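Okay, thanks for coming, everyone.

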Amino acid sequence: MKLYTVIDNHSGTSFDSTKEVKRTSRHFISEHGLSILIETDAGKRVLLDTGASDMVFRQNLELLGFRPEDIDLVFISHNHYDHLGGLETMIDAGVPIHAHPNTFSGRKYTLLPDGTTSEVSASNELLKVLAKAKLTVSSSPVELVPGVRTSGEIARIFPFENETRFYKEGSGQLVVDHMTEEQSLYVTSKKGLVILTGCGHPGVCNMVHQAKKATGKPVYMVMGGFHMSATPANNERILKTMENLRNMNVERIAPMHCVGFTATKMLSDRFVNMDLMWTGSKIEI
Ligand SMILES: [Fe+2]
Ligand SMILES: [Fe+2]
């Protein structure tokens, strides 16, 4: 199984020299967003999220040696703009999309440090083209392709992972958004279960707990956003996250996107098996 980082907040310099790239520019571009391509041992390709902007998505996907139509299915983790940027391209390519039923309903907001709110949901342009998407939705676990399944809605077990920084429209006013629509992916690898997360709003420990409970399998690796950069990611939350990941016997981690420098540094001190999956990077498991 191979995992390619199409978009992350940071860029590396690697690209696959065995693949033909026609672009004169060979630079991966980074932005605040996430997109990970999974290639199973059977050759099926599932894309988790599509970054924040279409230009970046197209450039990086091509540099990795893939066309949109090479992807078998797109899974959208949740309705935040930094995961939806290349979705229109994938819809235009006729690639099926899977998400939670509430993913594209209602407007989403985040609280800024000065007390104001900023909208973070899908653009009106994207909502218009969704009508022609081959979209399937479910709040329960679904096998997308052999060896790749969705988590379904994620139960909140660990109170320290509760978030109150996001809002949504409700009854004419903004109410706290607990992001119940965010789902993760479970990928079967030769070394065990790999969990892929989008932003990680439900909490990475909640996501690991649910995966272990639902599959009855040990979790080999967790990769993606753990959402600890913009939240009140105090040291206490980071320490509790590390402690619980260790207690749940997670062997390997790849903190990306919204994990942030402080948490990444602390995690690297604690986990020997830690990967920095910058834009353009690839790992084989
Ligand atoms: Fe995000
Ligand atoms: Fe998010």
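Helices (H or I, at least four residues) and strands (E, at least two) are DSSP runs, numbered from the N terminus. Before we look, this is a predicted model, where local features need pLDDT of at least 70 and side-chain atom pairs count only at pLDDT 80 or more, while totals for chains, interfaces and linings use all residues. Residues are numbered from 1 along each chain as written, chains are lettered from A and ligands numbered from 1 in the order written, and side-chain values use heavy atoms, with hydrogens and water left out.

So, the helix pair. H5 passes H6 in a right-handed crossing. The two, residues 235-247 for H5 and 261-270 for H6, pack at about 35°, with axes 10 Å apart. Axes here are lines fitted to C-alpha atoms, for helices over the stretch in contact, and angles run from 0 to 180 degrees between N-to-C directions. Who touches whom? On the H5 side we have Asn235, Ile238, Leu239, Met242 and Arg246, and on the H6 side Thr262, Ala263, Met266, Leu267 and Arg270, with contact meaning heavy atoms within 4.5 Å.

Now the metals. Which protein atoms hold the iron ion (ligand 2)? Its donors are His78 (NE2), His80 (ND1), Cys199 (SG) and His201 (NE2), at 2.2 to 2.4 Å. Donors are N, O and S atoms within 2.8 Å of the metal (3.2 Å for Na, K and Ca), and water is not among the atoms, so sites may look incomplete. The 4 donor atoms subtend angles of 92 to 167°, and that makes the arrangement irregular. For the cut-offs: four donors are tetrahedral if all angles lie between 85 and 135 degrees; four are square planar and six octahedral if opposite donors are over 155 degrees apart and all others between 65 and 115; anything else is irregular.

The iron ion (ligand 1) has Asp82 (OD), His83 (NE2), Cys199 (SG) and His257 (NE2) as protein donors, 2.1 to 2.2 Å away. This site is irregular too, with angles of 86 to 149°. You'll have spotted Cys199 on both lists: this cysteine bridges the two iron ions, ligand 1 and ligand 2, which lie 3.6 Å apart. Asp82, in the loop between S4 and H2, and His257, in the loop between S16 (252-256) and H6, link parts of the chain 175 residues apart. Both Asp82 and His257 are buried, that is, under 20% relative accessible area, with exposed being over 50% and partly exposed in between (1.4 Å probe, protein chains only).

Next, Lys108, in strand S6 (residues 108-111). Buried or exposed? At 3% relative accessibility, Lys108 counts as buried. Leaving aside neighbours within four places in sequence, its contacts include His80, Glu119, Asp177 and Glu181.

Most residues other than glycine have a negative phi. Ser171 has a positive phi of about 50°; it sits in the loop between S11 (166-170) and S12 (173-176) and is exposed at 77%. His227 also has a positive phi, near 50°, but this one, in the loop between S15 (219-225) and H5, is buried at 5%.

Definitions and conventions. A crossing is left-handed if the near helix is turned anticlockwise from the far one by less than a right angle, and right-handed if clockwise.
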